[in-house]
Amino acid sequence: MEYIIVFSKDNLCLAKEDLFSRLEVQNISYSVKQDLDNAIIIESIAENIDFTDLSHTREVGLCIGGMNGLDVVDFNMYQHLIKSPVNVRVTRINPEQNQDRSVIEKKMGAFLFNLGYKFNLKDPKTSFRVYLFGSEQIFGILIKEFGVSSFSERMPVKRPFFHPVSLKPKVAKAMCNIARVSSGKSVIDPFVGTGGLLIESALIGAKITGIDLDRVMVEGTIANLKHYGILEHNILCADSFIASKSFKDKFDCIVTDLPYGRNTKLDVTPKDFMQQFLLLIPNMLKIGCYAAVSTNVGDIEIPHFLKLVRKCESYIHKNLTKYIYLFKLV
Ligand SMILES: C[S@@+](CC[C@H](N)C(=O)[O-])C[C@H]1O[C@@H](n2cnc3c(N)ncnc32)[C@H](O)[C@@H]1O
């Protein structure tokens, strides 16, 4: 089976790592057939891939043929995925200028109509897709579409406790995904702030621990967690540089967003803070596990016990770029 995963364009680096991590967590073996920049085509024999938790994806389709070879597509093979009525839509990935969407949709509509499919353009049960990239067109069936999504309900301004340092839930979810947060895993955020990363972790089903030096943040995080029905947690008011040394059990994942800039007072430079934090990771994380760390420091020295898996840049505004590092403790 070939799947096409079309990313939202806000952070392609994070989007790809998010996909690969979700596949790894599910033990899916796959190969990347084509990297189209805004989308990726993967090949896998797995039929039960769960794409639901992807954070930076617009849609996922099952590729069933090239547009020039439609006559040879065996539609019977896909009958279990096709329910009437249907529609057909074009998804533009990196199209050439001269590809007219409506002409392609009409051509495909006529082809499917001749095969006997009933149409409902606005409310179909199955949506056929034509994916356009370069001069190529791939025909597919939409298997998952990500709308505005529940992220909008979890925007920081909608929580009982707000502070400008809050991460957007979409970024927080991607960080959880790349750190391999999954149901039942233990997760720590040693700089918890308003709890954005732990909200996403708990909603995935992880066991959450958070630390913050600031009591207002600790109480705010607890209120925010409660707002989403999350009552099981371990939120401590402490200095992480001290508290992290006393955990009896190490954690499966670290997700954290280090203090930066105007909103947090630091005794050291952000770079020194980052370097000192990296040295704490072995105190908290199990070997072979992942830490997703967001910071405004773009230039770091990586200690020998950490493998840098990915570094993604995230433009926030003209005075702030953040970097999301994914480390594996080796
Ligand atoms: C950038 S904020 C975290 C924001 C969070 N990701 C969110 O979505 O709200 C960093 C937090 O680290 C806390 N902090 C700074 N130094 C600390 C330390 N040594 N130990 C624990 N927390 C600390 C600050 O109080 C601040 O709330």
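## Ligand shell

In this predicted model, the residues of the shell around the ligand divide by class into ten nonpolar, six polar and four charged. The shell holds 20 residues in total, of which Phe 191, Gly 193, Thr 194, Gly 196 and Asp 257 come nearest to the ligand.

Three secondary-structure elements each supply at least two residues of this shell: helix H4 (196-204), strand E9 (207-212) and helix H6 (240-243).

## Domain arrangement

The domain assignment divides the protein into domain 1, covering residues 2-145, and domain 2, covering residues 150-329. Taken over C-alpha atoms, the centres of domain 1 and domain 2 are separated by 34 Å.

Contact between the domains involves eleven residues of domain 1 and 13 residues of domain 2. On the side of domain 1 that touches domain 2, three residues are nonpolar, four are polar and four are charged.

## Overall fold

The secondary structure of the protein consists of seven helices and 14 strands. Along the principal axes, the C-alpha atoms fill a box of roughly 70 × 40 × 40 Å.

Of the 330 residues in the protein, 36% are buried. Among contacts in the protein with a separation of 6 or more, 72% are between residues 24 or more positions apart.

Notes. Residues are numbered from 1 along each chain as its sequence is written. This is a predicted model: local features need pLDDT of at least 70, side-chain atom pairs count only at pLDDT 80 or more; totals for chains, interfaces and linings use all residues. Domain bounds come from an automatic or database domain assignment. Two residues are in contact if their C-beta atoms, placed from the backbone, lie within 7 Å. Ala, Val, Leu, Ile, Met, Phe, Trp, Tyr, Cys and Pro count as nonpolar, Asp, Glu, Lys and Arg as charged, and the others, Gly among them, as polar. A residue is near a molecule or strand if its C-beta atom, placed from the backbone, lies within 6 Å of it. Helices (H or I, at least four residues) and strands (E, at least two) are DSSP runs, numbered from the N terminus. A residue is buried if 20 or more other C-beta atoms lie within 10 Å of its own, exposed if 12 or fewer, and partly exposed in between; C-beta atoms are placed from the backbone.
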